[in-house]
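Biologist: I'd like to learn how to read helix packing in a model. Can you walk me through it?

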Amino acid sequence: MRGYTVLRPKAIEPSIYTSAVTAPRLQKKQHPRSRTGCLTCRNRRVKCDESQPICKRCAIARLACEYRKPKQARQLHQAVWLQPATVLCPDGIQPVGYEIDLFGTFRSSMVTLFAGMFNNRFWRFDVPTAAQVYPSMWHAAVALTAIHKSIKVDKQPVTPPDADSTLVPRNQLYRYALMHFNKSIQYLATVVSSYGENLGNMRYKDKEMIIMTNILYIGLCGVLRDEQQVTSQCWNLVNILETMKFGEEDPSSRRGIMAYKDLLSIILIIDTVISQQTSLPERWARKWVVKCPAVNRFTSMTDAYLALLPTQYPNLLDRETFVSPQDQGPLRTNVRLDMIEEYNANLDAFVRSGCTFTPSERETIDALQLFMDASVLREQAILATTREEVRIVNDKIFLILDRFEQGMARTSLVDGPYSTEPPPFVFGPSYGKVLQIMIIISSRPEVRWKGIELMRKWPYNEATNRSEAIVSLYEAMMEHCRTGPERTLPFQKSGLPIAIRLSDSNVDPYNGCECIPDYHICGGHKMGNYERDLIGPSPRVGILSWYERLNNLPISAWYPYNP
């Protein structure tokens with residue numbers, strides 16, 4: 001460098017250190033550093049005899065003696081999904097480019113759609129990890145994603161290098177879906193056939209693989225909106241569960257990749273929700289069903305979700321416990337009120353337990369609390385016996401719908417209000433499910449129309465329970481309720497009285513009802529049942545009011561229906 005002279009140190013001669021003139025120094029004896037000794041001895045760099053709870057050196061020197069705390073072992077399923085995904089597919093599968101793209105889409109975005117507000121961690125981590133181990137799940141995931149992409153016409157196609165250029169992108173994706181669906185079934189059949197007649201002795205890992213693969217099949221058919229295939233796949237799942245007696249195995253054997261409780265909650269949703277929307281027989285009509293466990297203390301969000309299900313789906317309980325499905329009287333209401341009170345106490349204790357919740361878990365807790373508030377209103381509407389009590393309940397329902405709109409806006413899976421995009425298929429309840437209950441129990445047309453408008457604004461698809469179809473049904477219901485008094489009056493005059501529910505009502509049951517036009521719908525003219533006719537170019541729905549249903553009257557009014 002200009003202007004500066006760089007000084008370099010001279011080499012030091014070894015003789016300086018080896019010279020006899022240099023006085024010898026006393027060397028301190030070095031001990032090997034202890035790796036298992038106490039922290040005090042390790043810091044002092046002295047040998048520790050590792051005596052516990054206090055080693056000898058610390059006792060003599062009167063020093064604090066502390067040992068490193070042993071690391072706690074993590075749970076098995078957490079140790080699996082917390083690891084980075086280094087393997088893209090199961091052993092024996094060599095994916096090409098388009099398959100890698102499709103599975104990547106499944107792992108990054110499809111699973112978040114299926115999760116909804118509940119089972120979020122299960123779908124985001126457990127399911128992709130299991131799919132990278134189980135070939136049947138991997139092929140089912142690829143098929144499901146290909147079907148989902150095929151209905152998104154505005155998306156870029158996934159094209160393999162050897163694709164036939166004469167095929168349109170949607171047909172290409174559909175072909176990929178069909179090919180991988182067939183491969184998934186082949187792997188599934190191989191595993192099942194290996195057990196012969198001993199399916200009851202199946203390993204738990206094979207159980208969860210078969211069950212989750214079938215759940216993905218149901219999701220695939222749900223995305224296609226093929227109700228017949230959804231019913232068929234649900235029947236397969238119900239039969240498989242009964243054959244392997246899922247849930248009755250030794251709990252210590254449940255050492256799978258996916259969390260057992262989350263898998264169980266999805267099974268229960270399929271068993272109760274889809275059976276209501278399809279031709280599956282009710283749970284109470286079957287010889288064997290998967291049991292819904294009693295959860296008396298919440299230690300996780302999954303516990304809180306499992307305990308919620310019986311409060312919203314009564315057929316998950318034993319028939320003897322819940323009286324009769326047709327009983328709408330005080331006995332059933334009191335049973336539900338006790339369940340709601342117990343649930344609220346457990347949820348409050350869980351929130352106050354000091355657990356750290358993520359933002360999505362906080363949203364889930366808010367949803368659970370709103371579900372319970374709505375459930376209380378449902379029972380209050382059943383118990384109301386005067387016009388004033390009915391008015392108060394309807395006012396509360398009208399106000400709680402604002403909370404529903406806020407929650408639906410935060411958690412909606414569509415691109416915005418009044419979206420024309422089909423909502424994704426979700427394995428679990430959301431605000432829409434409880435919103436339907438609020439519409440049904442309300443006796444005020446204004447409240448009902450507000451709820452129907454929220455369904456139209458924030459569409460959803462909860463395990464085949466699609467808001468588009470529900471809106472079409474409820475619009476027909478509102479017309480049926482409006483014309484109910486005129487329609488049933490001839491039958492009343494012929495000797496079939498209508499039930500008078502309100503104690504302060506002065507109505508002749510043979511010549512009128514408690515309905516007030518545009519303000520109040522009486523219990524006899526609320527919807528009691530409906531029947532869909534999907535054969536032919538113009539689907540329609542026939543509706544029976546409670547009066548018509550209880551008096552075994554035929555369906556006399558049919559309305560246009562959008563399935």
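Biologist: At what angle do helix α15 and helix α16 pack, and how far apart are their axes?

Modeller: Axes are lines fitted to C-alpha atoms, for helices over the stretch in contact, and angles run from 0 to 180 degrees between N-to-C directions. Helices (H or I, at least four residues) are DSSP runs, numbered from the N terminus. Here α15 (residues 387-411) and α16 (residues 431-441) sit at about 160 degrees, axes 10 Å apart. That makes the two roughly antiparallel, a label for angles over 145 degrees.

This is a predicted model, where local features need pLDDT of at least 70 and side-chain atom pairs count only at pLDDT 80 or more, while totals for chains, interfaces and linings use all residues. Residues are numbered from 1 along each chain as its sequence is written, and side-chain values use heavy atoms, leaving out hydrogens and water.

Biologist: Which residues of α15 meet α16?

Modeller: Contact means heavy atoms within 4.5 Å. From α15 come Ile397, Ile400, Leu401, Phe404, Gly407, Met408, Arg410 and Thr411; their partners in α16 include Tyr431 and Met438. By class, that contact has 10 nonpolar, two polar and one charged residues (Ala, Val, Leu, Ile, Met, Phe, Trp, Tyr, Cys and Pro count as nonpolar, Asp, Glu, Lys and Arg as charged, the others, Gly among them, as polar).

Biologist: How do α14 and α15 pack?

Modeller: Helix α14 (residues 359-383) meets α15 at about 160 degrees, axes 10 Å apart, and they are therefore roughly antiparallel. Their contact has nine nonpolar, two polar and six charged residues.

Methods. Parallel < 35°, antiparallel > 145°, perpendicular 65-115°, else oblique.
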